[in-house]
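Keep the structure open as you read.

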Amino acid sequence: MLNIVPVRAFTDNYIWIIHNHRHAAVVDPGDAIPVLDFLRHEDLQLVAILNTHHHNDHVGGNAALLKEFSVPVYGPAQESIPTVTHPLSEGDSVHLVELALALKVIDIPGHTAGHIAYYGANLLFCGDTLFACGCGRLFEGTAQQMYSSLQKLAILPDATQVYCGHEYTLANIHFAKAVEPGNPALSKLESEMKSLLAQGIPTLPSTIIRENATNPFLRCNQLEIIQSAGSYVGSSLTDPVSIFAAIRNWKNDFVTPRREQ
Ligand code: ZN
Ligand code: FE
């Protein structure tokens, strides 16, 4: 039985620990200190580091973890992360033998040029590409790339548990409500997520079924979103990538407290 536990870092990062009470793998350790504290406290032996993309808030703890544990570091083949020992691209798999877990690699460029996701056993680790009710900023990729990447994730099974890199959910819901005010699932989600946050509980994982019902970046074929995107740019839009690009630009200008969402 695997446990997936968040370790908080910086302002709003989640470092995900996958463990079986004996061994552990860590996804996107931006900071080593809270990870080492957790591993010691739970008496876990680290067996692998997995990185989704090269940003420092996701890889910054690699080197310090490697001083304590000599483990393989998996990461995107298309990005330069000096500590990565096992560069990965779509079609590759990661076999975490101690955890009896196999994860497949999915290429999801857009936020960064070589961003990857790890998917298996009903779990998706998607870094800064798919957020609950949102998506990552286009730092290195095009709207077409990000749109295609998100579509690859949207077709995963409904029950897939979605583990994102940041706690951005509430701000994302505020934006989603501006884009699609007629979606009743958003108000329901907002009150559920507010309640979790008030109790100090992460809003993650999400699920693919929930994202398809609420995330405007996965809903570019919805009439209300098509119309909202058209109003934002001041002309009627028809193709999904243009609609995606319009709402992604809109989100950049929307009042948001954080950088990467
Ligand atoms: Zn990032
Ligand atoms: Fe990040």
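Strand E10 gives the largest share of the lining of the largest cavity, namely three residues. One thing to keep in mind from here on: this is a predicted model. The structure holds one cavity of 30 Å³ or more, and the space in the largest cavity comes to about 40 Å³.

Which residues line the largest cavity? They are Tyr14, Trp16, Val27, Asp28, Phe125, Cys126, Gly127, Tyr163, Cys164 and Gly165. E2, E10 (123–127) and E13 (161–164) each put at least two residues into that lining. Sorted by type, the lining has seven nonpolar residues, two polar ones and one charged one.

Follow the chain out of E10 and you get to Asp128, in the loop between E10 and strand E11 (130–131). Is Asp128 buried or exposed? Asp128 has a relative accessible area of 0%, so it counts as buried. Its side chain has a partner, though: there is a polar contact with the side chain of His58, at 2.8 Å.

## Hairpins and strand pairs

Start with E1 (residues 3–9) and E2 (residues 13–19), which run antiparallel and are joined by seven bridges. Pro6 sits opposite Trp16 of E2, and Trp16 also turns up in the lining of the largest cavity. Three residues separate E1 and E2 in their hairpin, and in the turn Phe10 has a positive phi of about 50°.

Further along, E7 (residues 93–96) and E8 (residues 101–107) also run antiparallel, with four bridges between them. Leu96 is opposite Leu101 in E8. This hairpin has four residues between its strands, and Ala100 takes a positive phi near 50°. E8 pairs with E9 (residues 116–120) too, again antiparallel and over four bridges. There, Lys104 has Tyr119 in E9 as its bridge partner.

## Salt bridges along helices

How many salt bridges does a search of the whole structure find? The count is seven. One of them joins the side chains of Arg40 and Asp37, at 3.7 Å from N to O. Both residues are in helix H1 (residues 32–42), three residues apart, or about one turn of the helix. Arg40 is exposed, with a relative accessible area of 53%, while Asp37 is partly exposed at 44%.

Helix H6 (residues 184–198) has a pair of its own: Glu192 and Lys188 are both in it, four residues apart, about one turn of the helix. They form a salt bridge, and the closest N and O atoms are 3.1 Å apart. Glu192 counts as partly exposed because its relative accessibility is 37%. Lys188, at 54%, is exposed.

## A buried pair and a network

Now look at Arg210 and Glu211, which form a salt bridge with the closest N and O atoms 4.0 Å apart. Why does Arg210 count as buried? Its relative accessibility is 18%, and buried means under 20%. Glu211 is buried as well, with a relative accessibility of 1%.

To finish the tour, find Lys177, Glu190 and Lys194, which are linked in a network of salt bridges.

Notes: Residues numbered from 1 in each chain as written. Chains lettered and ligands numbered in written order. Predicted model: local features only at pLDDT ≥ 70, side-chain atom pairs only at ≥ 80, totals over all residues. Heavy atoms only, no water. Pairing = 2+ DSSP bridges. 1 Å grid on protein atoms, 1.4 Å probe; cavity = no way out; pocket = protein on both sides within 12 Å on 5 of 7 lines; lining within 4 Å. Points joined across faces, edges and corners; volume = space filled by probe spheres on them. Nonpolar A, V, L, I, M, F, W, Y, C, P; charged D, E, K, R; others polar. Buried < 20%, exposed > 50% of the residue type's maximum accessible area, 1.4 Å probe, protein only. Polar contact = N/O pair within 3.5 Å; in protein donor to acceptor, adjacent residues only side chain to side chain.
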